[in-house]
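The following exercises are to be worked with the sequence and the structure at hand. Each task is followed by a solution in steps.

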Amino acid sequence: MRVHLVLVHGLFSSGRAWKAFHDLIATDPELRDWVSIHRFEYDSAVTKLRPDRRVAETDDIADQLGTFLQTQLADAERIMLLTHSQGGLIVQRFLARKLWNGAGTELARIKHLTMFACPNTGSGFFLSVRKNLKGLANAQERQLRPFDRSVTEAQRTVLSSVVHARTISDTECPIPVQAFGGSADNIVPPVVARGVFPEGGVVTADHFSIIRPADRTALPYLSVRAALLKVGTPTPRTPSPPRPVPAPTTPVEAPRPAGAGIPREPSPARPSAEESPVGYSPVPPYVRLEEGQLKGQDRHRLIASLLTPQSPDSAQRVHVLAGLGGSGKSRLALEIADRARTTGRKVWWISIPELSARMRALALDLGAPSMQVERAWVHGRAMELVWERLNSCPEPWLLVFDNADEPRRLGSGHEPVSDGTGWLRKPLTENGMVLVTSRVRRQQTWGDWSRVHQVLPLGDEDGASLLLERTGGIGGTNEEARTLSSLLGGLPLALRHAADVIRAVQGSHLTLDSDPQDFRRFGDAVRSGPGLPGPDRANFTELMGQEIVQKVCGIALELLSQRDLPQAATLLKVFACLSIAPVPYRCLLNGEVPAQSPLLPGFSTTQRKAVLEGLEDFGLVDSSERTDTTDQDLAHVLTLHPVVHGILREDEGVRERATDYYGLAVRMLLSAAGRSSPDHPANWPRWGAIAPHALEVCKACLLGEAALTDRSVLTAALELARLTTRFLIATGLLGPADELVLPIIGRCGSFGFDQDDREILGLRHERGRILLEREELTAAEEQLRLVVSARTTILGEDDADTLASRHKLARAINEQTGREDEAEPILRSIITAERTVRGPEHYDTLVVRHTLARTVLALGKDREAESETRQILEISERNHWPPATPEILRVRETLTHCLLKQDEAEEAERVIDKALEDAAQPRDSHLVMRLRYTHALVLLGLAGRTPEAVNELTDLQSDLTRVHESDIPLKQVVKELLEKTRREMPGPGKQILDAVDQNEPTY
């Protein structure tokens, strides 16, 4: 499908700046035939010499772009916008003005926006330019200065009504937006170029070379190429796609065409065949089955029964697909999910290893305010929140829980899943349907409100068809295929592996006569081992099914070993030590860690590539590419089928050498994390990919399953557990964080550590942070006092770790009413030490200084608090920290309170207005509601502004009531202030309040 790429240049530039991109795309064999390139030109001279002409303002150019699209591209159905520098601001202004004018539907043909080096929060570079060019007066340059109000207004609209839009309407239109910065760009630093946009990244380039890729391997070109491929992929979808949920999903039992999967050479991310218009595939990416490829008439009947209105099964709202491991339950669920989506249902796919994170994303996708989600997860109301949202969702929907082999995980924790009070419940709305895949087939387990469907192995005829089609007919006759299908028990997983082995063997120039190169010889290889079931289906048990899969996998691994790839079996077993979540194999295998292990001595890049190709060719792993990231280390993932994963994890060799296998897994995960702080949002995509595996490995190493005794491996596992806990806390997943650290701390003696060893103290510190975030201040103080005491004894009072615990202790004290005087001396001593240990302008130092400012303000030292906050803001601006950073917004809030206490209300209004303008969070986020409350206080301090304050407080009270069911301090304070203001307003003001109550205009 033809895509029209529109290139928008930057300040003091022209369309010629795009020559490198133009030439590469025009000669790209995969793009040149269906991508049309258009350069949008506008006048951007430094200044005008003729007095009868002026430099066009950004709004003028935005409207000019609209005219260009309306006239030059009137017939274009798919448009992608690519911008450089100021060009990004022009496009954002164009989008915002369209939405402000109620013309959102006109934007539906714009399918993607990529911005390079866009000054989203302003370019300080141009301020220095203006100092040297005294006569410069350029309307375009003015909007590139930091904190320009019109830029911020447009950006807010684009973020809320484009990036996070849910439907195409007059006031919103979902368009994927990516923002990239250059690591060497001193004009628009990367943190400014990324701004508040969640998608994008940083590439090695300066301000100008970022749009001058040298060749097709350059990252800027690869990111644009990937976006073009997404835009050009036909997507027959309903016009109301779900909002993006940034999380990888797991392909299960996906048929793999020849040549697909592990890339033979570095290549850009390819779009999933199931790509949605907003860049998020709500079900796992997989190669969609063509008509006739889904085998088994009983499966076809089940799909039709579930999705056909008025059928008996469609009225049932909870369905469990139960059967043997490898029987195709997940494959069947994928097909149901895909067909449900094409009929207009919203679909969410929940992989059980990532249950809490995925349900959290689901709550946000259903429109729950972020603060409400935070508190629900903290206070144990997560299940109720999600189901309240699901039951009130007006659109038809399907929720899939995949691989629920431990049903208790879907229960409430106190009651079994059959009680219907946990994650799995019966929808109260006719719009909703839930699908579960599991090996557990007992009806009593799932409750009488669920319908259990047995997913049986394929019959001989269907199994033979699968074998013949997957091998391309090269494996033998129909009768030989039927015989092999019967021998393999009709298990789709075993049949798929067998077909892949036969195809790989026949495609190898090393094939021997004894190799299982057809159905007959593969059957001989299967029969050569003991303990396999016979053809009698009545005796076909779960154990026998696993034995069949184990035998088939063993044949494949033996063949790989014979082909000089003995590391294949070892690497596959290492992957089995991880979670069944997608494995970001590139970031795990990069570096020297694998080659340093006794399991893979000297494992080279060439060997790694050959082993991965061999594992995929023989069907032992499935590979896919995530489309929600441009980080190639994260984009390429592989998965093991849960049955294969379980078989290899229980392998005798893994049990005998658990220290080597789990030690390698731990060190690969630590290496993949590198120096990526789990506290920094920019690193969360990497940690999001690593965390499921880190949780699995840490629990195996430290809680008994692997029974390790090597202290170096245990120490590494404890460090991995600490870092993973920090990531979970930073992203608000306090429940999973607590579930990880508590048992490790409690059982540390069982693996040779004391509670006061520094490794365990690190986890106890994180436990104190969890209590602090839960507002359990007394318990947090008690825990952190013990940690501070032990760390001081072991590490010293001014060690960085000790200082971190001391700060959290001071916070726990300071947040308890009336104890600020206790916190003050602790904070002052920490700041003195931090200046030496981390430096006076380190982020952590300034965070402690802000805590001190709030403390001394509470103690009545207004001027000192004001001085502290102003110094913090000055340092943050000097270091180019984004003004939308939550801590910076809180500092502005504190400064506002300082000014109010000194009766400087006008200056306070300017400060709080700036904070509200910069805030990139929704109006009902907890931080923004705090800023709104502070703004109301300022209005009350200004003459004649009381009616505005009442309006603000009334709206704020409404939002607080909607977001928080239970009372929180802010909710109570707002209520009391509003009531007090109403009581004390004079007579004329009372009339104004009555008008406000009746929703009449007041001024």
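**Exercise 1. Leucine 931**

Task: Determine where leucine 931 lies, and whether leucine 931 is buried or exposed.

Solution. Step 1: Leucine 931 is placed in helix H40, which spans residues 926-940. The coordinates belong to a predicted model.

Step 2: The relative accessible area of leucine 931 is 0%. Since a residue under 20% relative accessible area is classed as buried, leucine 931 is buried.

Step 3: Residues up to four places away in sequence are set aside; leucine 931 then touches Leu889, Glu893, Ile912, Ala915, Leu916 and Ala919.

Step 4: Threonine 896 is 35 residues from leucine 931 along the chain, and the two C-alpha atoms are separated by 9.6 Å.

**Exercise 2. Serine 876 and alanine 214**

Task: Classify serine 876 and alanine 214 as buried or exposed.

Solution. Step 1: Serine 876 belongs to helix H37. Its relative accessibility is 3%, and serine 876 therefore counts as buried.

Step 2: With neighbours within four places in sequence left aside, the contacts of serine 876 are Trp881 and Ile888.

Step 3: Alanine 214 sits in the loop that runs between strand S6 (200-203) and helix H8 (219-232). Exposed means over 50% relative accessible area, so alanine 214, at 73% relative accessibility, counts as exposed.

Step 4: Alanine 214 and phenylalanine 21 are 193 residues apart along the chain, yet 9.2 Å separates their C-alpha atoms.

**Exercise 3. The pair H36 and H37**

Task: Describe how helix H36 and helix H37 pack, and state which residues make the contact.

Solution. Step 1: Helix H36 covers residues 843-858 and helix H37 covers residues 862-878; their axes are 8 Å apart, at an angle of about 160°.

Step 2: Angles over 145 degrees count as roughly antiparallel; H36 and H37 are therefore roughly antiparallel to each other. H36 passes H37 in a left-handed crossing.

Step 3: From H36, the contact takes in Leu846, Arg849, His850, Ala853, Val856 and Leu857. From H37, the partners are Asp862, Glu864, Ala865, Glu868, Thr869, Gln871, Ile872 and Ile875.

Step 4: Sorted by class, the contact of H36 with H37 comprises 7 nonpolar, 3 polar and 4 charged residues.

**Exercise 4. The pair H34 and H35**

Task: Carry out the analysis for helix H34 and helix H35.

Solution. Step 1: The axes of H34 (residues 800-814) and H35 (residues 820-837) cross at roughly 155° and come within 9 Å.

Step 2: This angle makes H34 roughly antiparallel to H35. The crossing of H34 and H35 is left-handed.

Step 3: H34 contributes Ala800, Leu803, Arg806, His807, Ala810, Ile813 and Asn814. These meet residues of H35, including Glu820, Ala823, Ile826, Leu827, Ile830 and Val837.

Step 4: The contact of H34 with H35 divides into 10 nonpolar, 3 polar and 4 charged residues.

**Exercise 5. Helix H18 and the whole chain**

Task: State how far helix H18 reaches, and what share of the chain's residues is buried.

Solution. Step 1: H18 (residues 492-506) has 15 residues and reaches 21 Å from its first C-alpha to its last, close to the 21 Å expected at 1.5 Å a residue.

Step 2: H18 is mostly covered, with 13 of its 15 residues buried.

Step 3: The chain has 1003 residues, of which 58% are buried. It holds 43 helices and 13 strands.

Step 4: Of the chain's contacts between residues at least 6 apart in sequence, 72% join residues at least 24 apart.

Notes:
Residues are numbered from 1 along each chain as its sequence is written. This is a predicted model: local features need pLDDT of at least 70, side-chain atom pairs count only at pLDDT 80 or more; totals for chains, interfaces and linings use all residues. Side-chain values use heavy atoms; hydrogens and water are left out. Axes are lines fitted to C-alpha atoms, for helices over the stretch in contact, and angles run from 0 to 180 degrees between N-to-C directions. Helices (H or I, at least four residues) and strands (E, at least two) are DSSP runs, numbered from the N terminus. Angles under 35 degrees count as roughly parallel, over 145 as roughly antiparallel, 65 to 115 as roughly perpendicular and the rest as oblique. A crossing is left-handed if the near helix is turned anticlockwise from the far one by less than a right angle, and right-handed if clockwise. Contact means heavy atoms within 4.5 Å. Ala, Val, Leu, Ile, Met, Phe, Trp, Tyr, Cys and Pro count as nonpolar, Asp, Glu, Lys and Arg as charged, and the others, Gly among them, as polar. The expected span of a helix is 1.5 Å times one less than its number of residues. Buried means under 20% relative accessible area, exposed over 50%, partly exposed in between (1.4 Å probe, protein chains only).
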